[in-house]
Amino acid sequence: MAELKDYLSPNKPTWCPGCGNFGIWNALKNALVNRNIKPHEILIVSGIGCGSKLPDYTRANGLMTLHGRPLPAATGAYLANHDLKIILTHGDGDGFSMGGNHFIHAIRRNIDVVDIYQDNKVYGLTKGQYSPTSEKGFVSKTSQRGSIEESVKPISLALGQGATFVSRGFAGDIDHLVWLIEQALDHRGYSLVDVFQPCVSFNKVNTYQFYQQRIYKLQDEEDYDITNRELAFKKSLEWGDRIPIGIFYKEEGKPTYADELVPLKEKPLVKQELGALISESLKSEFM
Ligand SMILES: Cc1ncc(C[n+]2csc(CCOP(=O)(O)OP(=O)(O)O)c2C)c(N)n1
Ligand code: SF4
Ligand SMILES: [Mg+2]
């Protein structure tokens, strides 16, 4: 049985006291243990940012990549060994600014990964510039009169692009987040977990209190249907006095990239004979 201590790293987090990343980190480890997933069975891929330091604090296969590029690296790992459970943990700047194009294409390909966004709506590591998910009007070092740009809407984008598991959590509700990550781990195909992550140092708007006063759980709504994409899209635009969290949309049975890519159909690349995969001309040149 997997245990929490299996994930214990000697490296201690340098996150600010009260940072929402602690909640996400704890929720992820608990979800993995609850699903009896062991450290050698996973790969955690991140980019650059406060949240992206998570693999360094977690004893498991880990890969910290370049800012904005964890999805291409995760795609490579997935193509090499789709038996690995691949989990991404990265920021809103990393994932929706520099990495925004990768987000769209990872969904389109339906690579089988759990993609967790530490969405604090600010650039934390570089000390407080506005980010792609900052609300319009957000005052920061780089938007002193308030951001004039419309914010990126990760849930709406994922739904529009055909994602089969689209969800949102809150770092201040760990029990709910553990449950959400468990559902994402169980799902076959690209799974989005966008997590509201208060940055106590640089975002004084989207605080724990801000979310506690506004969020409600979709799964508490009697008539909410997670298989209804139009309804999910409508909910994805809800922002103001009431903000939904939970599973917006789930669709079973859509083939993953590895299901459709001929060389990967039978077994992962890493478990195949090298000779069988390359052409005769390449073999004679390099072997
Ligand atoms: C190619 C590149 N551009 C810019 C940077 C500088 N940089 C490092 S982290 C970061 C933004 C971090 O914001 P986010 O991804 O939201 O993560 P957070 O720190 O908020 O967790 C930037 C712009 C970089 N390291 N590499
Ligand atoms: S700057 Fe913000 S995101 Fe970074 S560790 Fe501190 S509270 Fe967390
Ligand atoms: Mg951020």
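Biologist: Why does Lys85 count as partly exposed?

Modeller: Lys85 has 19 C-beta neighbours inside 10 Å. A residue is buried if 20 or more other C-beta atoms, placed from the backbone, lie within 10 Å of its own, exposed if 12 or fewer, and partly exposed in between. The count of 19 falls in between, so Lys85 is partly exposed. This is a predicted model, in which local features need pLDDT of at least 70 and side-chain atom pairs count only at pLDDT 80 or more, while totals for chains, interfaces and linings use all residues. Residues are numbered from 1 along each chain as its sequence is written, and chains are lettered from A and ligands numbered from 1 in the order in which they are written.

Biologist: Where does Lys85 lie, and with which residues is it in contact, leaving aside its neighbours within four places in sequence?

Modeller: Lys85 belongs to strand S3 (residues 85–91); helices (H or I, at least four residues) and strands (E, at least two) are DSSP runs, numbered from the N terminus. Contact means that two C-beta atoms, placed from the backbone, lie within 7 Å. By that rule the partners of Lys85 are Ile37, Glu41, Ile42 and Leu185. Pro39, 46 residues from Lys85 in sequence, is 9.8 Å away, C-alpha to C-alpha.

Biologist: Why does Asn36 count as exposed, and what is its phi?

Modeller: Asn36 has 10 C-beta neighbours inside 10 Å, and therefore counts as exposed. Its phi is positive, about 55°, although Asn36 is not a glycine. Asn36 sits in the loop between H1 and strand S1 (42–46). Lys127 also has a positive phi, about 75°, and is not a glycine. Lys127 lies in the loop between S4 and helix H5 (154–160) and is exposed, with 11 other C-beta atoms within 10 Å.

Biologist: Why does Ile181 count as buried?

Modeller: Ile181 has 27 C-beta neighbours inside 10 Å, so it counts as buried. Ile181 is in helix H6. Not counting residues up to four places away in sequence, Ile181 touches Ala27, Leu28, Ala31 and Val193. The C-alpha atom of Leu79, 102 residues away along the chain, is separated from that of Ile181 by 23 Å.

Biologist: How do you know whether the span of helix H6 agrees or disagrees with 1.5 Å a residue?

Modeller: The expected span is 1.5 Å times one less than the number of residues. For the 13 residues of H6 (residues 174–186) that gives 18 Å, and the end C-alpha atoms are 18 Å apart, so the two agree. In H6, Leu177, Val178, Leu180, Ile181, Gln183 and Ala184 are buried. Their cover includes helix H1 (21–34), strand S4 (113–119), strand S5 (165–170), S6 and strand S8 (243–250).

Biologist: What is the largest nonpolar core?

Modeller: A nonpolar core is a set of buried Ala, Val, Leu, Ile, Met, Phe, Trp, Tyr and Cys residues joined through C-beta atoms within 7 Å. The largest has 56 residues, and Val113, Ile116, Val166, Leu177, Ile181 and Val195 have the most contacts inside it. H1 provides the largest share of this core, six residues. A second, separate core has nine residues, including Cys50, Tyr130, Cys199 and Phe202.

Biologist: How many residues surround ligand 1?

Modeller: The shell takes residues whose C-beta atom, placed from the backbone, lies within 6 Å of the molecule. For ligand 1 that gives 17 residues, the closest being Gly49, His67, Gly91, Gly93 and Gly124. Helix H3 (residues 92–98) gives the most, three residues.

Biologist: How does the radius of gyration compare with that of a compact globule?

Modeller: The radius is taken over C-alpha atoms, and the globule rule is 2.2 Å times the number of residues to the power 0.38. For 287 residues the rule gives a value near 19 Å; the protein has 19 Å, so it agrees. Of the 287 residues, 43% count as buried.
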